[in-house]
Amino acid sequence: TDQDSVSVGVATGIAEKTVTVNGVVYERGGAAVSDGFGQSIGGDDLRLGMWLEVSGTVDDTAGTATAQTIRVRPAARGVVSAADGNGFTVTLLQSTVRYDNAATVVEGAEAASEIAAGDVVEVHGPLGVDSGTVEVSRIERLSAEARKPVELRGRVGNLDAEARTLTVGRQSVRYDGAALTLRQALANGQIVRVSSLASPQSGLPWRVERMASDQPLPENLGFVYVEGVTTDWVAGPTFRLEGVSVDATNANGKAAVTNDGQRVAVIGSLAAGTLNAKSVARSLPGHPVVFVLS
């Protein structure tokens with residue numbers, strides 16, 4: 001039977017009529033594709049390794065799925081400020097980008113180790129446990145023709161609603177004058193997305209032009225599959241994953257989740273904004289966990 005569903009994770013398969021996220025193959029012929037701010041983009045812009053949120057329906061009896069909307073959600077886009085000699089980390093917008101040469105999709109360069117300070121890149125992947133870190137599934141060095149507004153996704157900190165300043169990850173931001181698309185009042189710990197045509201200036205808060213709630217999932221949903229890195233872990237376990245509260249106390253495999261910073265995949269259902277997990281599994285970058293549903 002068909003169930004409304006959302007799948008959040010890495011695009012591991014792109015074909016003319018399908019997209020695969022978390023091992024679920026979605027028909028995408030009629031899907032509306034948008035960026036992280038809800039602006040329409042072409043379906044031809046989808047690429048392997050992108051961090052996607054796919055909404056649609058899943059038929060767990062027939063084993064089929066149909067996408068209705070696909071949101072492309074990069075973690076950051078901007079100028080590289082530093083890259084180590086081994087090609088394992090890149091720093092941009094005060095964020096530390098960690099990648100695995102075996103699991104990270106690289107475009108615009110022969111290898112990720114070619115990325116250098118001054119390059120403009122777009123990176124995708126889940127937020128790490130430490131504020132301002134990204135576990136990268138895709139890194140693309142952009143050509144001058146392909147460059148877009150500077151963009152950053154991260155957790156809110158140091159919120160000063162009166163001064164209209166905060167941090168996103170580790171990047172200081174000033175949002176007075178920004179167009180806001182928020183589901184609720186700003187609060188520390190929320191995940192938001194900010195952008196501006198201009199890059200940050202050294203020593204000054206980055207004045208952004210747009211700020212949006214990054215993941216506007218519904219309060220209730222029959223089938224959810226989310227991949228990410230655990231934060232706010234409490235014995236039971238309960239934790240947060242990509243900004244979503246997860247209750248795994250009755251889940252299969254719950255013993256595998258023992259602390260913060262673990263890369264996991266969770267399936268379950270959303271009720272009153274909490275993901276009630278049915279199954280939890282540890283995952284490796286580039287290797288989606290495929291659950292057998294019954």
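Colleague: Which residues does Thr231 touch, not counting residues up to four places away in sequence?

Modeller: Those are Val129, Arg155, Phe239, Arg240 and Asp260, where contact means heavy atoms within 4.5 Å. Keep in mind that this is a predicted model, where local features need pLDDT of at least 70, side-chain atom pairs count only at pLDDT 80 or more, and totals for chains, interfaces and linings use all residues. Residues are numbered from 1 along each chain as its sequence is written, and side-chain values use heavy atoms, with hydrogens and water left out.

Colleague: Why is Thr231 called buried?

Modeller: Buried means under 20% relative accessible area, exposed over 50%, and partly exposed in between (1.4 Å probe, protein chains only). Thr231 has 10%, so Thr231 counts as buried.

Colleague: And what makes Lys278 exposed?

Modeller: Its relative accessibility is 52%, and the cut-off is over 50%, so Lys278 is exposed. Lys278 still touches Ala251, Asn252, Ile267 and Gly268, leaving aside residues up to four places away in sequence.

Colleague: Where do Thr231 and Lys278 sit?

Modeller: Thr231 is in strand S22 (residues 221-234), and Lys278 is in strand S26 (residues 274-282). Strands are DSSP runs (E, at least two residues), numbered from the N terminus.

Colleague: How do you know that strand S9 and strand S10 pair?

Modeller: Two strands pair if DSSP finds at least two bridges between them. S9 (residues 89-92) and S10 (residues 95-99) have four bridges, in the antiparallel sense, so they pair. In S10, Ser95 is the bridge partner of Leu92.

Colleague: What makes S8 and S13 edge strands?

Modeller: The open sheet runs S8-S9-S10-S13, with mixed pairing. S8 (82-83) and S13 (133-136) each pair on one side only.
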